[in-house]
Amino acid sequence: MTAEDDSYAVLGALGDPVRRRLYRHVAGAPEEVGRDAAAEAVGISRSLAAFHLDKLVEAGLLTVSYRRLSGRTGPGAGRPAKLYRRAEGEFAVSVPPRSYDAAGRLLAETVERAGLDLELQAAAKAAGAAEADAAGADLEEALRARGYAPFRDGEVLRLRNCPFHALAEAFPGLVCGMNLALLDGLAGEEWSARMAACPGGCCVALSKNKNH
Amino acid sequence: MTGYQLAQINIGRLLAPRHSPLVADFVDQLDEMNALAERSPGFVWRLVDDAEPAAVAAHPELADEKFQLNCSVWESVEALWEYAFRSDHLRVLSRRREWFERPDGPHQALWWVPAGHRPTAAEAMGRIARLRDHGPGPDAFTFRDRHPAPEARAAGVRV
């Protein structure tokens, strides 16, 4: 099997719509999710949720840990709960084959070498602002559409996912700066983007400005 | 846990001397960025006197008014990464082209030091030179080409 075949095998596990809803719920959740909570969120029985969650683990899309939810220990504390979270790996296929990631790396390398950070940030900020205008007041939905997997943490919107992860790992100064500018643009006048890293996710959070 | 910590050096040449209004935005934020580094998880130490005579003798650019050097020690590569790219430091870093010349060679080097070792400016500048002359290796590497800490049993053998 080629790497592409592997990706098809993994992504094939998401063909089932119930399983896909479970995956989205767990992947977008701020913390690890237990079977009961996942079943309730998706509106299915606990045993059906357990079946599908374990299929997603087998496929390599989710990983598992065990923890006692009650915080109790020792005899009588019960068995530790099985908790699910998004796996680290990244899977993509396109038909016909496209290599936007390879193009992205080459462009990033060239932009960095040419020292065009500020030009890139200006373009990112303008793109964010244009999208904010189109999306109207619904920043959360715009962030979701961009793949940031936003969730509310009190008054703050935190971002569970970094849509530029692999590129940001390779060109952090350039790409994280671009991302920050994009979010500055998306934030518009009602919100402010600030640095507040979400473990395993984006390093930016958005808070509502006081006068709005 | 290993008996090693991560040292880093970062150099740059400002577009104007330190007292010039052209780079005031950068210079004004230095104290704040240093304080942020010092209270970041995994911070160990940072070099304050970067112009010791021995270092200047070997690396005359250290005496240049436009030359900026930043050298520090961290618990791990990940701890330094969190500070450099995932804290308020990114706000300053992302404006680097407003204040600094475009580097024509490596401007950052990482290397492992035995826990407790404090690099000198001369030692740190030597790592940049090694990266420039030989590319990334265990003695001078980058975020993109990381090298693991040496085995603890080698502690004390090499600095």
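Analyst: F43(B) belongs to strand 2 of chain B, which covers residues 43-46, and everything said about this residue and its surroundings refers to a predicted model. Because 17 other C-beta atoms lie within 10 Å of F43(B), it is classed as partly exposed, given that a residue needs 20 or more such atoms to be buried and 12 or fewer to be exposed. Once neighbours within four places in sequence are set aside, the contacts of F43(B) are A37(B), E38(B) and W74(B). H134(B), by comparison, is 91 residues away from F43(B) along the chain, and the C-alpha atoms of the two are separated by 28 Å.

From this residue one can turn to the way in which its chain meets chain A. In that interface, 15 residues of chain B are in contact with 13 residues of chain A. On the side of chain B, the elements contributing two or more residues are helix 3 (77-86), helix 4 (89-93) and helix 5 (96-99). Sorted by class, this side of chain B consists of nine charged, four nonpolar and two polar residues.

Chain A itself, with its 212 residues, has 28% of them buried, and its secondary structure amounts to nine helices and seven strands. Its C-alpha atoms occupy a box of roughly 60 × 50 × 30 Å along the principal axes. Of the contacts in chain A with a separation of 6 or more, 54% are between residues 24 or more positions apart. The chain is divided into domain 1, residues 3-86, and domain 2, residues 100-208, and the centres of these two domains, taken over C-alpha atoms, are 28 Å apart. A cis peptide bond, with omega of about -5°, joins V95(A) and P96(A), and P96(A) is placed in the loop between strand 3 (81-86) and helix 5 (100-114) of chain A.

In the first, helix 2 (residues 17-28) and helix 4 (residues 46-59) of chain A pack at an angle of about 75°, and their axes are 10 Å apart. Helix 2 of chain A is therefore roughly perpendicular to helix 4 of chain A, since angles of 65 to 115 degrees are given that description. Helix 2 of chain A brings V18(A), R19(A), L22(A) and Y23(A) to this contact, while helix 4 of chain A brings A49(A), H52(A), L53(A), K55(A) and L56(A). The residues of this contact comprise six nonpolar, one polar and two charged. In the second case, helix 3 (residues 35-42) of chain A crosses helix 4 of chain A at roughly 105°, with the axes coming within 9 Å, so that these two helices are likewise roughly perpendicular to each other. Here R35(A), D36(A), A38(A), A39(A) and V42(A) of helix 3 of chain A meet R46(A), A49(A), A50(A) and L53(A) of helix 4 of chain A, and the contact divides into six nonpolar, no polar and three charged residues.

E32(A) is found in the loop between helix 2 and strand 1 (33-34) of chain A. This residue is partly exposed, because 19 other C-beta atoms lie within 10 Å. Its contacts, apart from neighbours within four places in sequence, are S65(A), L83(A), Y84(A) and R85(A); the C-alpha atoms of E32(A) and S65(A) are 8.5 Å apart, although 33 residues separate the pair in sequence.

The largest nonpolar core has 58 residues, of which L159(A), L183(A), V204(A) and L206(A) touch the most other members. Helix 9 (residues 172-187) of chain A supplies the largest share of this core, with 10 residues. Apart from it lies another core, of 14 residues, which includes V26(A), V33(A), A39(A) and L56(A). Returning to L159(A), its contacts beyond four places in sequence are L143(A), Y148(A), A149(A), P150(A), C198(A), G201(A), C202(A), V204(A) and A205(A). One of these contacts, A149(A), has a positive phi of about 50° despite not being a glycine.

Notes: Residues are numbered from 1 along each chain as its sequence is written. Chains are lettered from A and ligands numbered from 1 in the order in which they are written. This is a predicted model: local features need pLDDT of at least 70, side-chain atom pairs count only at pLDDT 80 or more; totals for chains, interfaces and linings use all residues. Axes are lines fitted to C-alpha atoms, for helices over the stretch in contact, and angles run from 0 to 180 degrees between N-to-C directions. Helices (H or I, at least four residues) and strands (E, at least two) are DSSP runs, numbered from the N terminus. Angles under 35 degrees count as roughly parallel, over 145 as roughly antiparallel, 65 to 115 as roughly perpendicular and the rest as oblique. Two residues are in contact if their C-beta atoms, placed from the backbone, lie within 7 Å. Ala, Val, Leu, Ile, Met, Phe, Trp, Tyr, Cys and Pro count as nonpolar, Asp, Glu, Lys and Arg as charged, and the others, Gly among them, as polar. A nonpolar core is a set of buried Ala, Val, Leu, Ile, Met, Phe, Trp, Tyr and Cys residues joined through C-beta atoms within 7 Å. Domain bounds come from an automatic or database domain assignment.
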